[in-house]
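I opened the notebook to record what I looked up in this model. The entries follow in the order I made them.

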Amino acid sequence: MRILITNDDGVHAEGLDVLEAIARQLSDDVTVVAPETDQSGVAHSMSLNDPLRLRKLGEGRYAVRGTPTDCVIMGVRHILKGKPDLVLSGVNRGSNVAEDVTYSGTIAGAMEGTLLGVPSIALSQAFGPTTGRMGILWECAAAHGAAIVRKILDLGVPKDSLVNVNFPDRKPDEVAGVAVTFQGKRDTELMNVEERRDGRGLPYYWLTFNRNRFEPGTGTDLEALAQGRISITPLRLDLTDEPTLTRYAAAFG
Ligand code: MN
């Protein structure tokens, strides 16, 4: 099995090493193509106005000065010169659940794999208020990742879908099981702008996340992580809102 792996945290990210170790439990044929720098929050963007620079770091290991989407296109079309059997994207530092899915470069790496006709899985490791960004429990994804990916592949990934896997903020042996979930929604508006002052007293702005408490909906990715379970969400690329389509179609005749 030929596996292409990418991420959005960049080629030097710890989570990429975790993912490579997961991939190597599944196959010896693993190629890494990852962004030179942290691309978190770039979603499914691609570079159309700048050249892409490719840097070979070692055997089967490349960095692209671009987005996760660029990396997957370069990996499939240029480096491997053919379809791999699997694209894995991650392991992201932090969960990608609910509306995060629309911002996430990690998810987008898997989206692009899906668009290129390859079964694709995004993987993210949650951290919590006590562990924090730097105390993140990578060992959770590392311990459970290969078995989860293997089982998803056995079940099959439909050709217009990708699979979003999130590992909870728990030690591997404290995980409370696996939940197959819906994409959730936080019942709070997510983004804010914070004004700060630079060294010359001029304003600059920083995007911040509302961290209000919210009630995770039943059966959602949010709920699974809150319960300490591994969350598996199959996502469709087709975003059509069918009930509204039907209503508009009737009204527009
Ligand atoms: Mn990221």
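I began with a definition: two strands pair if DSSP finds at least two bridges between them. Helices (H or I, at least four residues) and strands (E, at least two) are DSSP runs, numbered from the N terminus. I noted that the model is predicted, that local features need pLDDT of at least 70 and side-chain atom pairs pLDDT 80 or more, and that totals for chains, interfaces and linings use all residues. Residues are numbered from 1 along each chain as its sequence is written, and side-chain values use heavy atoms, with hydrogens and water left out.

**Entry: the sheet**

I looked up strand β2 (residues 29-35) and found that it pairs with strand β4 (residues 61-64) in the parallel sense over 4 bridges. Pro35 has Val64 in β4 as its bridge partner.

I then followed the whole sheet. It is open, has 9 strands in the order β3-β4-β2-β1-β5-β6-β7-β11-β8, and its pairing is mixed. At the edges I found β3 (54-58) and β8 (178-180), each of which pairs on one side only. Neighbouring strands are turned by 20 degrees against each other on average, direction ignored; for such angles, axes are lines fitted to C-alpha atoms, for helices over the stretch in contact, and values run from 0 to 180 degrees between N-to-C directions.

**Entry: strand β7**

Is β7 buried or exposed? I found 7 of the 7 residues of β7 (residues 161-167) buried, so the strand is largely enclosed by the rest of the structure. Buried means under 20% relative accessible area, exposed over 50%, and partly exposed in between (1.4 Å probe, protein chains only). In a regular strand the side chains alternate between the two faces of the sheet. In β7 I listed Ser161, Val163, Val165 and Phe167 on one side and Leu162, Asn164 and Asn166 on the other, all buried.

I looked at the partners of β7 next. Strand β6 (residues 120-125) pairs with β7 in the parallel sense over 5 bridges, and Ile121 stands opposite Val163. Strand β11 (residues 230-236) pairs with β7 in the antiparallel sense over 6 bridges, and Leu235 in β11 is the bridge partner of Leu162.

**Entry: two helices**

I found that helix α2 (residues 68-79) and helix α3 (residues 105-115) pack at an angle of about 30 degrees, with their axes 8 Å apart. They are therefore roughly parallel to each other; the cut-offs are under 35 degrees for roughly parallel, over 145 for roughly antiparallel, 65 to 115 for roughly perpendicular, and oblique for the rest. The residues in contact (heavy atoms within 4.5 Å) are Pro68, Thr69, Val72 and Ile73 of α2 and Gly105, Ala108, Gly109, Glu112 and Gly113 of α3.

I found Leu86 in strand β5, where it counts as buried because its relative accessibility is 0%. Not counting residues up to four places away in sequence, Leu86 touches Met1, Val118, Ile121 and Leu153, among others.

Most residues other than glycine have a negative phi, and most peptide bonds are trans. Gly90 and Val91 are joined by a cis peptide bond, with omega about -15 degrees, and Val91 is in β5. Ala98 is not a glycine, yet it has a positive phi of about 50 degrees. I placed Ala98 in the loop between β5 and α3; at 0% relative accessibility it counts as buried.
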